[in-house]
Amino acid sequence: MEMQRPLLVKDIDGCLHLGRLNVRRRPVVRSPSMSTHMRLVLCLLLLFIFAVQEVRLVCVDVPSDTEATVGGVMKLTCIYCMKREEISAKTKVDWFYNGSASDYRRMLIYQYDHEPQEPEDAEMYWKGRLRWNGSKDLQDISISIVNVTANDSGIYECEVSRFFEFDSFKHTTNKKITIELKVKMQASVDTTALYSEIMMYVLLVFLTFWLLVEMIYCYRKISKSEELAQDTAY
């Protein structure tokens, strides 16, 4: 943009005359305004919402591990998801050990009835070696074996009973889960879990890099549009 300013100019004879000087005004470059920062924050917030989903605790019925190592701790997973979590129910759980296929002997080793407890008539072999590993909402009703021995191999059963009481009727649901446990002297390498962990970290790095690129692109685009708007205004 050009402007003309009055000034005194000397001619050839040395006389002063009133003249004008053409001055080209440079465009004013201003730092990003508050509105630019707000638009950038809004853009980043939208990216964050689309990149990261809301995390909610969801009950998932997963099978139990079936291999244990001598001297370790083994979790016997038993999950019974409630279809309507807002409905309360009385839950009773019985854990049985049935021995092996060739040596069948059914015995009650642990139970939950208002609270986790060992049966009074449980064998001395199991006393003090079982721990409650369930959740507070009793959808996960697992137990753990402490200091696993080779004799712990065999078939375990988790029997769950839920008692629902309504105004006009009562309802009972039952579920049985069978786990065949094999105890080894040394733990085997779980390649599936290793590959899954590697893929998880690779995906995390990729998403972080993608989010960073989107942030830079969004910032540059907003800054450029702000400068163009200022140049047009002047």
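Reply: The account below starts with the fold, then turns to the disulfide, the core, the salt bridges and a surface patch.

This is a predicted model, in which local features need pLDDT of at least 70, side-chain atom pairs count only at pLDDT 80 or more, and totals for chains, interfaces and linings use all residues. Residues are numbered from 1 along each chain as its sequence is written, and side-chain values use heavy atoms, with hydrogens and water left out.

The protein has two helices and 11 strands. Helices (H or I, at least four residues) and strands (E, at least two) are DSSP runs, numbered from the N terminus. Their order is β-β-α-β-β-β-β-β-β-β-β-β-α. Of the 234 residues, 25% count as buried. Buried means under 20% relative accessible area, exposed over 50%, and partly exposed in between (1.4 Å probe, protein chains only).

Now the disulfide. A disulfide is taken as a pair of cysteine sulfur atoms within 2.5 Å. By this rule there is one disulfide. Cysteine 78 and cysteine 158 form the link, with their sulfur atoms 2.1 Å apart. Cysteine 78 lies in the loop between strand E4 (74-76) and strand E5 (90-99), and cysteine 158 lies in strand E10 (residues 154-165), so the pair ties together parts that are 80 residues apart in sequence. The link is left-handed, with -75° about the S-S bond. Cysteine 78 and cysteine 158 are both buried.

Cys158 also belongs to the largest nonpolar core, which has 26 residues. Such a core is a set of buried Ala, Val, Leu, Ile, Met, Phe, Trp, Tyr and Cys residues joined through side-chain atoms within 4.5 Å. Cys158 is among the residues with the most contacts inside this core, a group that also includes Leu76, Trp95 and Tyr156. E4, E5, strand E6 (104-113), strand E9 (143-145), E10 and strand E11 (170-184) each supply at least two core residues. Leaving aside neighbours within four places in sequence, tyrosine 156 is in contact (heavy atoms within 4.5 Å) with residues including Leu76, Trp95, Ile109 and Leu181.

Next, the salt bridges. The structure holds nine, each a side-chain nitrogen of Lys or Arg within 4 Å of a carboxyl oxygen of Asp or Glu.

One of them joins glutamate 67 and lysine 184 (3.2 Å, N to O). Glutamate 67 lies in strand E3 (residues 67-69) and lysine 184 in strand E11, so this pair ties together parts 117 residues apart in sequence. Glutamate 67 is partly exposed at 39% relative accessibility, and lysine 184 is partly exposed at 33%.

Lysine 75 and aspartate 140 form another (3.6 Å, N to O). Lysine 75 is in strand E4 and aspartate 140 is in the loop between strand E8 (130-132) and E9, 65 residues apart. Lysine 75 is partly exposed at 32%, whereas aspartate 140 is buried at 18%.

Arginine 129 pairs with aspartate 152, the closest N and O atoms being 2.6 Å apart. Arginine 129 is buried at 12%, and aspartate 152 is buried at 0%. Arg106, Glu157, Glu159 and Lys176 are linked in a network of salt bridges.

Last, the surface. Leu194, Tyr195, Ile198 and Val202 make a nonpolar patch of about 400 Å². Patches are made of residues with over 30% relative accessible area and no salt bridge, with like charges joined within 9 Å and nonpolar side chains (Val, Leu, Ile, Met, Phe, Trp, Tyr) within 5 Å. Areas come from the Shrake-Rupley method with a 1.4 Å probe; for residues, only the protein chains shown count as cover. Valine 202 is found in helix H2 (residues 191-233), and is partly exposed at 48%.
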